[in-house]
Amino acid sequence: MKNLILIAPPGAGKGTQAKMLCKKYNLVHISIGDLLRSQTDLNESLKEKIKKGVLIDDNIIFELLKNRLNKDDIKNGFILDGFPRNLNQAIGLENIIKNIDVVIYLEVPKKELENRIIGRIICSNCGHVYNSLIEKLRPTNNDICDICNSKLEKRIDDTLEVFEKRYDTYIKETQPVLEFYKKQEKLYTINLLDKDEIFNEIVRILK
Ligand code: AP5
Ligand code: MG
């Protein structure tokens, strides 16, 4: 099976596409952001960094990633969502795992990203992601999950102000990574907007 990387600005749909692809191909979804947020003992300085929209130190991220990639379940393939986020991480990844097959870049206009970030609501129990501003992605009841009836919550970094910082960080630090994978001829750019059309395009690329 294949090992994939999803690179895209905040709110572009990395998590959404990763979940759909994992279901179809039985892959493991490795979201560094989700891994960080799920740590109940996450120290205050890391929480502050996430809240401000800046990157966490590379050594902490490598530790987290190596632990995850050491588990047996990745043997059928995995999707890296939110890694690598700078050139140092991209170069470091080559020393951890050699067989990255495909890198997908989701290109989405900034104005559209703002809308997605401001409307995003996430189930506190099962993690399903909705969007209150996008009809197709709205839950049936405002703040209750359709799947497990638990409460829907906002992320602490999903404000317009923090989005601006996250977007800036993306442009300065993450965008150069695209060139790195372009040179390796692994990069595929998708500039569609509809969730299902993007998914179908990724499926086509994987074939
Ligand atoms: P992370 O959690 O990775 O956040 P992000 O990169 O900002 O991306 P998001 O999760 O916000 O967006 P997404 O692309 O997953 O979109 P989603 O599918 O949810 O990182 C958070 C923080 O952790 C970082 O700021 C940093 O501090 C730290 N961190 C993480 N990785 C790190 C690393 N490698 N190094 C250092 N620090 C790191 O979709 C968004 C919304 O849009 C949802 O409401 C969804 O329903 C909706 N939507 C999805 N697709 C569509 C569509 N096609 N059309 C309309 N709406 C859509
Ligand atoms: Mg995400």
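Leu4 stands opposite Ile79 in E3. This is a predicted model, in which local features need pLDDT of at least 70 and side-chain atom pairs count only at pLDDT 80 or more, while totals for chains, interfaces and linings use all residues. Residues are numbered from 1 along each chain as its sequence is written, chains are lettered from A and ligands numbered from 1 in the order in which they are written, and side-chain values use heavy atoms, leaving out hydrogens and water.

**Task.** Work out how E1 pairs with E3 and with E4, and which way its side chains point.

**Solution.** Two strands pair if DSSP finds at least two bridges between them. E1 and E3 run parallel, joined by three bridges. E1 also runs parallel to strand E4 (residues 102-106), this time with four bridges, and Leu6 stands opposite Ile104 in E4.

Now the side chains. Along strand E1 (residues 4-7), Leu4 and Leu6 point one way, Ile5 and Ile7 the other way, and all are buried. Here buried means under 20% relative accessible area, exposed over 50%, and partly exposed in between (1.4 Å probe, protein chains only). In a regular strand, side chains alternate between the two faces of the sheet.

## The five-stranded sheet

**Task.** In what order do the five strands of the open parallel sheet lie?

**Solution.** Read across and you get E2-E3-E1-E4-E8, with parallel pairing. At the edges are strand E2 (28-31) and strand E8 (187-190), each pairing on one side only. On average, neighbouring strands here are turned by 20 degrees against each other, direction ignored.

Next, follow E4 to E8: they pair in the parallel sense over four bridges, with Val103 opposite Leu187 in E8. Helix H1 (residues 14-25) packs on this sheet and touches E1, E2, E3 and E4, its direction making about 175 degrees with that of E3. Contact means heavy atoms within 4.5 Å. Axes are lines fitted to C-alpha atoms, for helices over the stretch in contact, and angles run from 0 to 180 degrees between N-to-C directions.

**Task.** Which strands stand at the edges of the open antiparallel sheet?

**Solution.** Begin with the order, E6-E5-E7, with antiparallel pairing. Strand E6 (129-131) and strand E7 (152-153) are at the edges; each has a single partner strand, so one side of each has no neighbour in the sheet. Strand E5 (residues 120-123) runs antiparallel to E6 through three bridges, and Arg120 stands opposite Asn131 in E6. Helix H6 (residues 110-119) packs on the sheet, touching E5 and E6, at about 40 degrees to the direction of E5.

## Rings and cores

**Task.** Count the aromatic pairs and look closely at Phe62 and Phe83.

**Solution.** Phe62 and Phe83 pair edge-to-face, 5.8 Å centre to centre with 75 degrees between the planes. Their pair links distant parts of the chain, 21 residues apart: Phe62 is in helix H4 (residues 58-69), Phe83 in the loop between strand E3 (78-81) and helix H5 (87-96). Phe62 counts as buried because its relative accessibility is 14%, and Phe83 is buried at 0%. Another edge-to-face pair is Phe180 with Tyr181, at 5.0 Å centre to centre and 90 degrees between the planes.

**Task.** Which residues have the most contacts inside the largest nonpolar core?

**Solution.** A nonpolar core is a set of buried Ala, Val, Leu, Ile, Met, Phe, Trp, Tyr and Cys residues joined through side-chain atoms within 4.5 Å. The largest has 31 residues, and Phe78, Leu93 and Tyr181 have the most contacts inside it. A second, separate core has 26 residues, including Leu27, Ile79, Ile104 and Leu106.

**Solution.** The cis bond runs from Phe83 to Pro84, with omega near -5 degrees, and Pro84 lies in the loop between E3 and H5. Glu185 has a positive phi of about 60 degrees although it is not a glycine. Glu185 sits in the loop between helix H7 (160-183) and E8, and is exposed at a relative accessible area of 71%. Most residues other than glycine have a negative phi, and most peptide bonds are trans.

Conventions. Rings of Phe, Tyr and Trp (its six-membered ring) pair if their centres lie within 6.5 Å; planes under 30 degrees apart count as stacked, over 60 as edge-to-face and the rest as tilted. Helices (H or I, at least four residues) and strands (E, at least two) are DSSP runs, numbered from the N terminus.
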